[in-house]
Amino acid sequence: MSKGDPLLVVTDLVKHFPIRSGIVIDREVARVRAVDGVSLTLNEGETLGLVGESGCGKSTLCRVIVQLTQPTSGSVSFLGEELVGRSRKDLRKMRRQMQMIFQDPFASLNPRKRVGQIVGDPLELHGLAKGSALKLRVQRSTN
C-alpha cells in the first residue's frame, strides 16, 4: 500500500436477513434489509462515526465490514486487500489491524474484567504476546 491509498473502501455493501416460514416446506417469505447499498472510503488519519436510530443497521454494517457477518453482496477492501470471501485464517490476521468501538460500553467492555485483562486478551488471542511479555506490554499501554 502506498501513501495516499485509502485504508478502507466499502462498495455497495448489502446485508439482508431472510425471514423463513413453513413447517414442511421451509421457504423465504420476506427479507430484513439491514444494510442496503452502503459505500464509503476511509483514508489514513480519518475517523468515521456512524450515527442513526436504534435498529437502523449501524452494528450490522460494522460486523459486515470486518467480516464477522458475511455480506449478501458488495465489496470490502482493507489496505488494498479484498476481505469478502477470505478464509477465517486470513481474516483473523487482518482483524489485528481493525477495530470497532460501540457506543454502549456494556456491549464493548465486560464489567467483570479488569482493564489489564481487557487490553491483554486480544494480544494473547492473536498470538502477539504471552506470559511476562504480555504483562509488560499491557502495563505500557495502560499507563
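Colleague: What should I know about numbering and the kind of model?

Modeller: Residues are numbered from 1 along each chain as its sequence is written, and side-chain values use heavy atoms, with hydrogens and water left out. The model is predicted: local features need pLDDT of at least 70, side-chain atom pairs count only at pLDDT 80 or more, and totals for chains, interfaces and linings use all residues.

Colleague: How many bridges pair strand β1 with strand β2, and in which sense?

Modeller: Strands (E, at least two residues) and helices (H or I, at least four) are DSSP runs, numbered from the N terminus. Two strands pair if DSSP finds at least two bridges between them. Strand β1 covers residues 8–21 and strand β2 residues 27–42, and Val-10 stands opposite Leu-40 in β2. The pairing is antiparallel, over 12 bridges.

Colleague: Which residue takes a positive phi in the hairpin of β1 and β2?

Modeller: The hairpin has 5 residues between its strands. A phi near 115° is found there, at Gly-22.

Colleague: Which residue of β3 is the bridge partner of Leu-8?

Modeller: Strand β3 (residues 73–78) runs antiparallel to β1, with 5 bridges joining the two. In β3, the partner of Leu-8 is Phe-78.

Colleague: How far apart are the closest N and O atoms of Arg-31 and Glu-28?

Modeller: A salt bridge is a side-chain nitrogen of Lys or Arg within 4 Å of a carboxyl oxygen of Asp or Glu, and the structure holds 5 of them. Buried means under 20% relative accessible area, exposed over 50%, and partly exposed in between (1.4 Å probe, protein chains only). Arg-31 is partly exposed because its relative accessible area is 40%, and Glu-28 is partly exposed at 33%. Their salt bridge has its closest N and O atoms 2.5 Å apart.

Colleague: Which residues are linked with Arg-86 in a network of salt bridges?

Modeller: Arg-86 forms a salt bridge with Asp-90, with 3.7 Å between the closest N and O atoms. Arg-86 counts as partly exposed at 25% relative accessibility, and Asp-90 does so at 31%. The residues linked with Arg-86 in the network are Glu-81 and Asp-90.

Colleague: Where does Asp-121 lie, and which side chain meets it in a salt bridge?

Modeller: Asp-121 lies in helix α4, residues 115–125. Its relative accessible area is 26%, so Asp-121 is partly exposed.

Colleague: Which residues make the nonpolar surface patch?

Modeller: Patches are made of residues with over 30% relative accessible area and no salt bridge: like charges are joined within 9 Å, nonpolar side chains (Val, Leu, Ile, Met, Phe, Trp, Tyr) within 5 Å. Accessible areas come from the Shrake-Rupley method with a 1.4 Å probe; for residues, only the protein chains shown count as cover. β1 and β2 each supply at least two residues, and Ile-19 of β1 is partly exposed at 37% relative accessibility. The patch, of about 300 Å², is made by Phe-17, Ile-19, Val-29 and Val-32.

Colleague: Which residues gather in the patch of positive charge?

Modeller: Lys and Arg count as positive and Asp and Glu as negative; His and the chain ends are not counted. The place of a charge is NZ of Lys, CZ of Arg, CG of Asp or CD of Glu. Arg-96 sits in the loop between α2 (88–95) and α3 (105–108) and is partly exposed at 42% relative accessibility. The patch gathers Lys-89, Arg-92, Lys-93 and Arg-96.
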